[in-house]
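Q: I would like to learn how to read a protein model feature by feature. Can we take it in short steps?

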Amino acid sequence: MLWEDVCNKIQIKIGEAEFKSWIKPLVFKSIEDDIVCIECPSLFIKNWIEANLMPILENCLTACLPDVKSVRIKLVVNSNKKNKDQDNIAALPIAPVEPVATQSVDTRYTFDNFVVGKPNELAYAAALKIAESQKVQFNPLFLYGGVGLGKTHLMHAIANRIKQVNPKRRVVYLSAEQFMYEFIKAIRSKDTMGFKSQFRNIDVLMVDDVQFFSTANATQEEFFHTFNVLIDNNKQIIISADKSPSDLENIQERLKSRMNWGLVADIHPTTYELRLGILQSKVEKTEYEVPNTVLEFLACKITSNVRELEGALNRVMAHAELVGKDIDLDLVIYALKDVLKAQERIVTVSDIQECVSEYYGLKRSDLKSACRRKSISRPRHMAMYFCKQMTPMSLPEIGREFGGKDHTSVMYAVNNIEKLKKLDPHFSKELETLSRMLNAS
Ligand code: ADP
Ligand code: MG
């Protein structure tokens, strides 16, 4: 059904915690012409969505309504549930009222089922160290990385491990939004003292997704104080976000600089090897037989993040179950047609020339020239290499696009880049960056 599709899309974009807080409580009402009517359980949620989530909501709705060019969204507050809190900004949504939330730690997220690879080894090692040592090592630990790369998993794993090795330690895990709710709730019930003592009385505080901290100064102020008191008392703090502390928007400077004090560990986008490892580990825990070719295919095609990778695998398994067939490539391609289509990105020679010349501050004509100066010939070789890698063009065709070079020049360029890539780690990194830019653009 349409609304479910929209919800799935939004969840992928904003993550599960935010989804649960803001979108799940919504009820889809009607579409008339291009106006989509959605019911919110409270004014607070309505305001928040209007301030923060409208573009995402609109995009996801239009993506699911191919006939409609643009939508207008009407958010209405459910009048049945209307009470006197409704017009108060502090009216709390239903979902996240759980109190300070050690109980919301998901026991399925452990270190044992976290697959470690180059992109996440630092974050993993830091998390493990914190979970297992009695003394505070680095404070705070700031984990950051794109959606679906394992930040929440690692935080829950820390909480779970601490519960095992030292059940007396008081661990509190909550999302930045929950922190806000708790705080707003305390203000409403005029119990900010209780709020403060509740947080200051713990051993480990984890706050997930701090990019969602509202700009409201009072909340950040409160967090800042809680933060300082805990650190001064040598209590462990773990924070996650989708960006590094310095890149966070809406966060006060002094809070950012505080977050930079400890260890900042980033989780990089997954590599092919890591994706394959994750798939293998997930399959091992199920009863399904999944041939390696299928896992390799998925690891190669679903590159966005681990959440989507898991989703694809689950879908394949569900599909196999449903039609009662073994899992093979044909079945995978059938079960994932729309996902695969969305992932497929066609990179053209023109994209490559534009990206490479821009990156090195050259003109596109430089890439087509015969100039042998290294500052120009090197980027030219790189662009040819990408054309060979990312487009179906033949060597002579590529040569033509670069000012009529012949195929041996292209071959020389490709070999040269491959050689450099092996010899020079710095160069190899640059190549990787460019490749990522091309795939993402
Ligand atoms: P984030 O909080 O960074 O958005 P999550 O921690 O929610 O991402 O991870 C998304 C999903 O991917 C979860 O189901 C998680 O278990 C899984 N996942 C992420 N990284 C790994 C990994 N390295 N090994 C195993 N599962 C992973
Ligand atoms: Mg998360």
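Q: Where is leucine 230 found?
A: Leucine 230 sits in helix H9, residues 217-232. Helices (H or I, at least four residues) and strands (E, at least two) are DSSP runs, numbered from the N terminus.

Q: What should I know about the model and its numbering?
A: This is a predicted model, where local features need pLDDT of at least 70 and side-chain atom pairs count only at pLDDT 80 or more, while totals for chains, interfaces and linings use all residues. Residues are numbered from 1 along each chain as its sequence is written, chains are lettered from A and ligands numbered from 1 in the order in which they are written, and side-chain values use heavy atoms, with hydrogens and water left out.

Q: Is leucine 230 buried or exposed?
A: Buried means under 20% relative accessible area, exposed over 50%, and partly exposed in between (1.4 Å probe, protein chains only). Leucine 230 has a relative accessible area of 1%, so it is buried.

Q: Which residue 90 positions away along the chain has its C-alpha atom 10.0 Å from that of leucine 230?
A: That residue is proline 140. Proline 140 lies in the loop between H5 and strand E4 (141-145).

Q: What is the peptide bond from asparagine 139 to proline 140, cis or trans?
A: Read omega here. The bond is cis, with omega near -5°.

Q: How many helices and strands does the protein chain have?
A: The chain has 21 helices and eight strands. Its C-alpha atoms fill a box of roughly 80 × 60 × 50 Å along the principal axes.

Q: What percentage of the 441 residues counts as buried?
A: The figure is 46%. For the surface, accessible areas come from the Shrake-Rupley method with a 1.4 Å probe; for residues, only the protein chains shown count as cover. The chain exposes about 22600 Å². Carbon and sulfur atoms supply 51% of that area.

Q: What share of the contacts with a separation of 6 or more comes from residues 24 or more positions apart?
A: Contact means heavy atoms within 4.5 Å. Residues 24 or more positions apart account for 71% of the contacts in that set.

Q: How many positive and negative side chains are there?
A: Lys and Arg count as positive, Asp and Glu as negative; His and the chain ends are not counted. The chain has 58 positive and 56 negative side chains. The place of a charge is NZ of Lys, CZ of Arg, CG of Asp or CD of Glu. The centres of the two sets lie 4 Å apart.

Q: How many salt bridges does a search of the whole structure find?
A: Side chains of opposite charge can pair when their charged atoms come close. A salt bridge is a side-chain nitrogen of Lys or Arg within 4 Å of a carboxyl oxygen of Asp or Glu. The search finds 13.

Q: Which residue forms a salt bridge with glutamate 39?
A: Lysine 29 does, with the closest N and O atoms 3.8 Å apart. Glutamate 39 is in strand E2 (residues 35-40) and lysine 29 in strand E1 (residues 27-32), ten residues apart. Glutamate 39 is buried at 15% relative accessible area. Lysine 29 is partly exposed at 46%.

Q: Which residue forms a salt bridge with glutamate 132?
A: Arginine 161 does, and the closest N and O atoms are 2.3 Å apart. Glutamate 132 lies in helix H5 (residues 121-132) and arginine 161 in helix H6 (residues 151-165), so the pair ties together parts 29 residues apart in sequence. Glutamate 132 is partly exposed, at 41% relative accessibility. Arginine 161 is buried, at 16%. Asp112, Glu132 and Arg161 are linked in a network of salt bridges.

Q: Which residues form a negative surface patch?
A: Patches are made of residues with over 30% relative accessible area and no salt bridge: like charges are joined within 9 Å, nonpolar side chains (Val, Leu, Ile, Met, Phe, Trp, Tyr) within 5 Å. Glu289, Asp326, Asp328 and Asp330 form the negative patch. Aspartate 330 is in helix H14 (residues 329-335). Its relative accessibility is 59%, so aspartate 330 counts as exposed.

Q: What is phi of asparagine 234?
A: Phi is near 60°, a positive value in a residue other than glycine. Asparagine 234 lies in the loop between H9 and strand E7 (236-241). At 51% relative accessibility, asparagine 234 is exposed.
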